[in-house]
Amino acid sequence: MPAAGETERAPNIAKDVWDAAGHRAKNEGLPLIWVASRALTDYAAGTLTLPRTSPNPEARNRRGRTIFTADAVWHAADERRVKDTVRSMSALVEILLDAYARGEVHTHVRMVTTDQRDALAFAGTPDGSTGTTSPTLAVA
């Protein structure tokens, strides 16, 4: 179920990438849908760089996989994807999840007070964060 302000998306992701990222997320105690959303959010904000710009050509069995993200994040990621010459949003999400599965990017979560969280809601990045106190994915 999407959070307030989020929309369900279904990028086509290879089964082996989805499963490998899901395995790592489970081992870290995180929902894979959250990891995908964070990766897109941080990529859209310019705080996460891509390790490559094309998905594994040998990956097979791609199909729509459910993720949730704010429209502003999706559109900002799409704009950056075009500049980075990634062929589609599906390819972008697959690249991000593959990098996560391979240990090339890592989750990094920080706690904030209610007042800090509320102040972040008015910041200027696509997800309303400043990049310093919100959950992020860090490049290895």
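How many residues does helix α3 (residues 71-83) have, and how far does α3 reach from its first C-alpha to its last?

**View 1. The whole chain, a predicted model of 140 residues.** Welcome to the overview. This is a predicted model, in which local features need pLDDT of at least 70 and side-chain atom pairs count only at pLDDT 80 or more, while totals for chains, interfaces and linings use all residues. Residues are numbered from 1 along each chain as its sequence is written, and side-chain values use heavy atoms, with hydrogens and water left out. The protein chain contains five helices and six strands; here helices (H or I, at least four residues) and strands (E, at least two) are DSSP runs, numbered from the N terminus. Followed along the sequence, their pattern is β-β-α-α-β-β-α-α-β-α-β. Buried residues account for 38% of the 140 residues, where buried means under 20% relative accessible area, exposed over 50%, and partly exposed in between (1.4 Å probe, protein chains only). Among the contacts with a separation of 6 or more, 83% join residues 24 or more positions apart; a contact means heavy atoms within 4.5 Å. The chain exposes about 7,500 Å², and carbon and sulfur atoms supply 52% of that area. Accessible areas come from the Shrake-Rupley method with a 1.4 Å probe, and for residues only the protein chains shown count as cover.

**View 2. Helix α3, with a buried side and an exposed side.** Here is the reply to the opening question: α3 has 13 residues and reaches 19 Å from its first C-alpha to its last, close to the 18 Å expected at 1.5 Å a residue. That expected span is 1.5 Å times one less than the number of residues in the helix. Look for Val73, Trp74, Ala77, Arg80 and Arg81, which are buried in α3. These residues lie on the same side of α3 because they cover an arc of only 130° around the axis; the arc is that of the directions from the helix axis to the C-beta atoms. Glu79, Val82 and Lys83, on the other side of α3, are exposed. The cover over the buried residues of α3 includes β1 (6-9), α2 (32-44), β4 (67-70) and α4 (89-101).

**View 3. Thr85, in the loop between α3 and α4.** Thr85 follows α3. Although Thr85 is not a glycine, its phi is positive, at about 60°. Thr85 is exposed, with 60% relative accessibility.

**View 4. Helix α4, mostly covered.** Of the 13 residues of α4, 12 are buried, including Met89, Ser90, Glu94, Asp98 and Tyr100. From first C-alpha to last, α4 reaches 18 Å, close to the 18 Å expected at 1.5 Å a residue. Gly103 follows α4 and has a positive phi, near 80°.

**View 5. Leu40 and the largest nonpolar core.** A nonpolar core is a set of buried Ala, Val, Leu, Ile, Met, Phe, Trp, Tyr and Cys residues joined through side-chain atoms within 4.5 Å. The largest one has 31 residues, and Leu40, Leu92, Leu96 and Leu97 touch the most other members. At least two residues of this core come from each of β2 (12-14), α1 (15-27), α2, α3 and α4. The largest share, nine residues, is given by α4. With neighbours within four places in sequence left aside, the contacts of Leu40 are Ile67, Val73, Trp74, Ala77, Met89, Leu92, Val93 and Leu96.

View 6. Side chains of opposite charge can pair when their charged atoms come close. Arg9 is buried at 17% relative accessible area, whereas Asp71 is partly exposed at 35%. Asp78 is partly exposed, with a relative accessible area of 25%, while Arg81 is buried, with 12%. Glu28 is partly exposed at 35%, and Arg24 is buried at 13%.
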